[in-house]
Amino acid sequence: MPVIATVTGATGFLGRRLVHSLLEENDLIVRCLLRESSDTDALYENVPVIARERIEIHRGELNDKKFVEEHFANSDVVYHLAAALGGSASTMFLNTVIPTRQLLETAARVNVGRFVLISSMGVYGTQTVKRWGTLDESTPVDPMPEKRDPYTFSKVRQETVAQELSESLGLPLVIVRPGVIYGPGRSAVTSRVGLPLGPMVIRMGGGQQLPYTFVENCAEGIKLAGLTPDMSGEIFNLVDDDLPTGKRILRLMKQQGQRIRTLWIPRGAIGPLSRIYEWYSNWSEGQLPPVLTRHKCEAMWKPLRYSNAKAKHKLNWKPKISTEDGLQQTIAG
Ligand SMILES: NC(=O)c1ccc[n+]([C@@H]2O[C@H](COP(=O)([O-])OP(=O)(O)OC[C@H]3O[C@@H](n4cnc5c(N)ncnc54)[C@H](OP(=O)(O)O)[C@@H]3O)[C@@H](O)[C@H]2O)c1
C-alpha cells in the first residue's frame, strides 16, 4: 500500500518544495488540498512526468468539513502549511488559527496517522536566553506574542490550539519550527537583516547569526518529521549549518553586482534606540507605529546562536545545500 501524504499550502514557496521532496520517496502519493484559485504551475515545475502521476490535486476550502474529511481519509500523514503570512491581525487569525482547529478535529475523526504542523521559530521568546546564548527547542515560547506582530501572535495561538486538541483527541502531532526560509524567489534580505525604509534598508547590527534555512533543506526536514517513526509529541527547529550574518549576505550581493542602499544601526545602539522610540510612540499616542519596541528588538536582533542538533539527531536530517550555495542560488534569482 502506498503512503498517502496530504499537504495544505502545497502551492506556496515552501509547500511546492515539500511536494518535490515527498515525491523522491517511491511508493508515496502526495495529495494536495488547494483553493479554487491556487496556481499549480510552479508545483509541477521540474517534476518528471512519471512522478506527476503521484500528485493528486483536490480543490476546495479548508473550512469545508466535508471536503477536508473526504481527503484526509486514508492519509498516513497530513502536513499543514497553509497560513496567511500577511494582512491584518484578523485575516491572519482567521486564515491560520481557525482552520487549524477544524483540520485537527477532522484529522482525529478520520484517524490520520500523524499531523505535522508547520509553525515558526519566531514563536520563541528570547527574554530567557542570554546574549550569545543558544536558542533550542527547550527555549520557552514568547509569553507575550501580542507585543510582537500579528503573524507571530497567530503562529503561537495556532500551536496552542494544536497541542490542546492533539492531547484531548489523541491525535499524534509533530510541530516543526523553521527559521526564516529563503531561496530563489524569496530574498535573503529580510527583516532579520534590517527594516525597509523607501529604497533603503536600515541595517540592524549585522554581525549576529541569522536563523535561516534554505527552502530545500527545510522541506527535507519537514518531510522527515512526517515520515520518521515514533515522533509523536516532538517539536523540531529547522535552521541550517554555518548560519549567515546580515553583513555576509549584503557583501555577497555586492560581489554579485547587486547594490542595496543601507543605513547602519550598530548593534549596541539598537537597545537605546528602541527605548527612545517606544517612549516617543507611547508619549505621542501612536504617532510612530510601535515597530521598534524593546520586546521586538530583543526577539529580532539579539545576538544568539541557534541549534539544529535535535532534528539532526532524531530525524537524521542534514541540510544538503550549504549556506554559501543557498545564498548564491538566491541572489542569482
Ligand atoms: N517563509 C518563511 O520564512 C517561513 C518561516 C517559518 C515558517 N513558515 C511557515 O511555513 C508555511 C508556508 O509558508 P510559505 O512561505 O510557503 O508561504 P506562502 O508562499 O505564502 O504559501 C502559503 C500557502 O498557503 C496557502 N493558503 C493561504 N491561506 C489559505 C487559506 N485560507 N486556505 C487555503 N490555503 C491557504 C496558499 O495558497 P494559494 O496558493 O492559494 O495562495 C499557499 O499555498 C506557513 O505556515 C508559514 O507560517 C514560513
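Is Y280 buried, exposed or partly exposed? In this predicted model, Y280 has a relative accessibility of 27% and therefore counts as partly exposed. Six aromatic pairs were counted in the model. In one of them, the rings of W279 and Y280 have centres 6.4 Å apart and planes at 55 degrees, so this pair is tilted. W279 itself counts as exposed, because its relative accessibility is 53%. W279 also pairs with W283: here the ring centres are 5.8 Å apart and the planes lie at 15 degrees, so the pair is stacked. Both tryptophans belong to helix α9 (residues 267–283), and because they are four residues apart, about one helical turn separates them. W279 and W283 are both exposed.

Elsewhere, ring pairs join Y182, Y212 and F214 into a cluster. A charged side chain is also placed against an aromatic ring: K310 lies over the face of F236, at 5.0 Å from the ring centre.

The largest nonpolar core holds 37 residues, and L14, Y79 and I222 touch the most other members. Helix α7 (residues 215–227) gives the most to this core, contributing six residues. The contacts of I222, not counting residues up to four places away in sequence, are with L14, L18, Y79, I118, V176 and L238. Apart from this core lies another one of 30 residues, including A107, L135, L165 and L243.

The relative accessible area of T6 is 0%, so T6 is buried. Its side chain makes a polar contact of 2.7 Å with the side chain of S75. When neighbours within four places in sequence are left aside, T6 is in contact with R31, L33, H71, F72, S75, V77, V78 and Y79.

The surroundings of the ligand were then considered. The ligand is surrounded by 23 residues, of which T11, S38, N95, Y151 and R186 are the closest.

Finally, backbone angles were inspected. Most residues other than glycine have a negative phi. N46 has a positive phi, near 60 degrees. This residue is found in the loop between α2 (41–44) and α3 (49–52). With a relative accessible area of 76%, N46 is exposed. D242 also has a positive phi, near 50 degrees, and is found in the loop between β12 (235–238) and α8 (246–255).

Key: Residues are numbered from 1 along each chain as its sequence is written. This is a predicted model: local features need pLDDT of at least 70, side-chain atom pairs count only at pLDDT 80 or more; totals for chains, interfaces and linings use all residues. Side-chain values use heavy atoms; hydrogens and water are left out. Helices (H or I, at least four residues) and strands (E, at least two) are DSSP runs, numbered from the N terminus. Buried means under 20% relative accessible area, exposed over 50%, partly exposed in between (1.4 Å probe, protein chains only). A nonpolar core is a set of buried Ala, Val, Leu, Ile, Met, Phe, Trp, Tyr and Cys residues joined through side-chain atoms within 4.5 Å. Contact means heavy atoms within 4.5 Å. Rings of Phe, Tyr and Trp (its six-membered ring) pair if their centres lie within 6.5 Å; planes under 30 degrees apart count as stacked, over 60 as edge-to-face and the rest as tilted. A charge sits over a ring if NZ of Lys or CZ of Arg is within 6 Å of the ring centre and within 35 degrees of the ring normal. A polar contact is a pair of N or O atoms within 3.5 Å; within protein, one must be able to donate a hydrogen and the other to accept it, and residues adjacent in sequence count only if both atoms are side-chain atoms. A residue is near a molecule or strand if one of its heavy atoms lies within 4 Å of it.
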